[in-house]
Number of protein chains: 2
Amino acid sequence: MITIKDIARSAGVSHTTVSRALRGDTRIAPDTTERILQLAGDLGYIPNSIAQSLNAQRTFTIGMLVPSIADPVVMDLLEGAEDVAQNRGYCIFLSTSRNDPAREFSVVHTFQRRRVDGVIVTASRSGINCRLALERLQAPLVLIDTEEMHEPHPVVDIDNVGGAGLAVAHLLHMGHRRIGYIGATNRPLTNVRRYTGYAQTLEQAGIKVDPRWVINPEVEKSEDDIERGRVGLEQCLAAGVTAIFCFNDQIAIGVLNSCYCKGIAVPQQLSTVGYDDIRAASYVNPPLTTVRQPLKRLGSRAMEMVLALIDNKPVQNEMLGCELVVRASAAPPLGMS
Amino acid sequence: MITIKDIARSAGVSHTTVSRALRGDTRIAPDTTERILQLAGDLGYIPNSIAQSLNAQRTFTIGMLVPSIADPVVMDLLEGAEDVAQNRGYCIFLSTSRNDPAREFSVVHTFQRRRVDGVIVTASRSGINCRLALERLQAPLVLIDTEEMHEPHPVVDIDNVGGAGLAVAHLLHMGHRRIGYIGATNRPLTNVRRYTGYAQTLEQAGIKVDPRWVINPEVEKSEDDIERGRVGLEQCLAAGVTAIFCFNDQIAIGVLNSCYCKGIAVPQQLSTVGYDDIRAASYVNPPLTTVRQPLKRLGSRAMEMVLALIDNKPVQNEMLGCELVVRASAAPPLGMS
DNA sequence: TTGTACGCGTTATCAA
DNA sequence: TTGATAACGCGTACAA
């Protein structure tokens with residue numbers, strides 16, 4: 001690998017002069033600079049960021065920790081973050097925790113060894129366990145969509161209460177009065193928030209929530225949302241609801257599926273609203289009415305926040321709003337159209 | 001930040017001794033080692049990989065370049081690669097090219113500056129343009145699913161010809177004789193391969209491919225596969241096929257959707273087979289019969305290959321086979337059951 | 001305008 | 001068993 005010393009030797013100058021010429025220092029004679037630049041190109045010189053980092057005490061590197069990459073939510077979020085990072089000259093170290101506290105801990109430690117300038121931790125469900133690692137962390141840390149509250153760190157989050165409100169208001173507006181909720185116990189905090197939005201909105205409309213409408217299905221594999229939808233549907237039907245608001249699109253799709261198998265027409269006999277607006281939402285039958293989260297924006301805002309912290313600019317916690325996406329899975333209840 | 005020098009000072013030894021004690025050098029007196037380890041823990045010492053890298057001329061870092069993160073195929077692939085990397089103590093620099101040759105070029109350059117130990121480039125459609133950058137690259141390079149042939153670099157690829165054969169053989173086996181193909185022109189090489197598998201298999205069964213069965217739909221947005229499915233379906237129906245093999249699941253889902261809207265029963269009136277086995281394939285209606293690609297394995301094999309190259313072990317190009325996933329979107333044609 | 005010398009944190013070589 | 005010194009590649013006070 002060619003270094004500035006090699007160039008210096010070829011040019012018959014000191015490596016200092018080369019260093020300066022390469023960064024366009026005006027104190028170097030124009031023709032010297034010219035000659036050095038030429039030489040650098042010819043020799044195929046590529047600056048060594050490692051050496052630069054050691055010297056500058058900065059790596060222009062951000063560590064991102066996500067539970068899993070193969071998750072439609074994480075995916076968009078990553079894309080938003082990567083975009084900002086790349087534009088600002090930062091690289092991302094991507095690691096997965098698989099919701100394993102030990103692994104989470106180890107990854108954060110690795111980030112520290114590698115001297116990342118900042119860290120973004122996504123959807124940590126094991127906040128307590130990795131807290132130790134995080135507290136020792138020197139670099140700025142931004143949390144996304146965390147399951148821990150009252151964090152001492154900046155947080156970017158989605159307004160889940162408001163988003164759920166949007167969905168339920170939509171159903172109310174169509175005339176539904178008996179509206180079910182199917183939740184997911186493996187995302188406790190988010191689940192509580194979406195439930196809260198659901199319950200609040202119903203109460204504000206003067207409707208008392210019947211406990212039988214609210215289902216948090218027990219499933220074998222804690223990630224099997226399709227199954228959650230199936231199980232939840234059974235109980236909702238038993239409770240006689242005319243519409244169901246689901247914790248997320250996967251669950252809603254489970255409901256849709258199960259309805260299809262049972263010969264229940266959606267939205268004619270039962271309305272369903274999901275959450276997330278994953279890709280599949282637009283091409284299931286019927287296309288799913290859902291709440292879209294600004295995921296790319298969540299990622300990009302988180303990245304902008306770390307970068308701001310790195311530059312010692314002040315940042316505030318942030319709460320991003322959601323948007324209702326009306327498709328075809330919700331309609332007025334029977335006899336109300 | 002605590003360095004080995006700080007520890008040395010506290011322990012009253014040289015930084016060399018600390019360095020050795022930390023890495024368990026047996027030449028250091030056990031009690032000295034003990035004392036240093038203790039101290040390192042107390043002071044919260046975290047080794048600086050940057051300094052280590054500068055010295056060792058290795059970064060334990062792999063650069064991964066993908067066209068986009070928000071792609072179900074890329075997602076799984078990344079997960080496979082990350083898993084292997086993490087287990088072997090490597091970190092991944094993740095960057096997106098968005099199919100922009102300029103950006104691809106710049107990312108590869110960044111990887112070089114950062115002295116990654118290896119590079120994985122995925123689905124480069126602009127092979128020619130970034131070739132220059134790649135040739136100068138000192139680090140080992142592995143290509144995944146490239147659209148360029150005869151690369152001078154190791155390649156991991158999926159057996160698209162064989163995979164397509166699986167799908168078509170399945171349809172033939174059920175008794176179909178008029179089988180359509182809907183392709184995607186924005187992935188030219190892969191498209192040709194899947195088409196080849198389709199055509200070969202039909203010919204081997206003694207069936208002459210009617211040109212009207214083969215559709216490569218023109219769509220406005222080059223990424224809109226759902227639309228491809230819609231357009232393709234129209235033409236296939238006009239050509240009187242009883243089954244359709246689609247370039248991928250998204251297209252197949254487009255077909256399914258369009259059938260649903262037109263009141264065509266799948267699989268009773270028309271069979272459809274996709275490719276990829278994306279998540280949605282299992283929960284659309286009817287569940288999609290498709291060809292599963294070993295994507296995680298593709299990612300992990302690619303990573304294993306770069307790591308082997310880094311360790312100067314020999315590697316061979318590799319071709320991974322596919323697997324037919326039988327669900328419910330394909331059945332014997334009318335009057336054949 | 002250019003060069004000398006040092007420091008960034010670590011490991012390796014050689015000497016004691 | 002331990003320590004002094006150099007080296008990795010670069011940037012920058014300070015000196016010339």
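The contact between the two protein chains takes 41 residues from chain A and 41 residues from chain B, two residues being in contact if their C-beta atoms, placed from the backbone, lie within 7 Å. On the side of chain B that touches chain A, α4 (49-56), α5 (72-87), β2 (91-96), α6 (101-113) and α11 (249-262) of chain B each supply at least two residues. Helices (H or I, at least four residues) and strands (E, at least two) are DSSP runs, numbered from the N terminus.

This is a predicted model, in which local features need pLDDT of at least 70 and side-chain atom pairs count only at pLDDT 80 or more, while totals for chains, interfaces and linings use all residues. Residues are numbered from 1 along each chain as its sequence is written, and chains are lettered from A and ligands numbered from 1 in the order in which they are written.

Strand β2 (residues 91-96) of chain A pairs with β2(B) in the antiparallel sense over 3 bridges; pairing requires at least two DSSP bridges between the strands. Phe93(A) has Phe93(B) in β2(B) as its bridge partner.

DNA strand C is surrounded by 24 residues, the closest being Val13(A), Thr16(A), Thr3(B), Asn48(B) and Ala51(B); a residue is near a strand if its C-beta atom, placed from the backbone, lies within 6 Å of it. α4(B) gives the most to this surface, with 4 residues.

Residue classes on the two surfaces are as follows.
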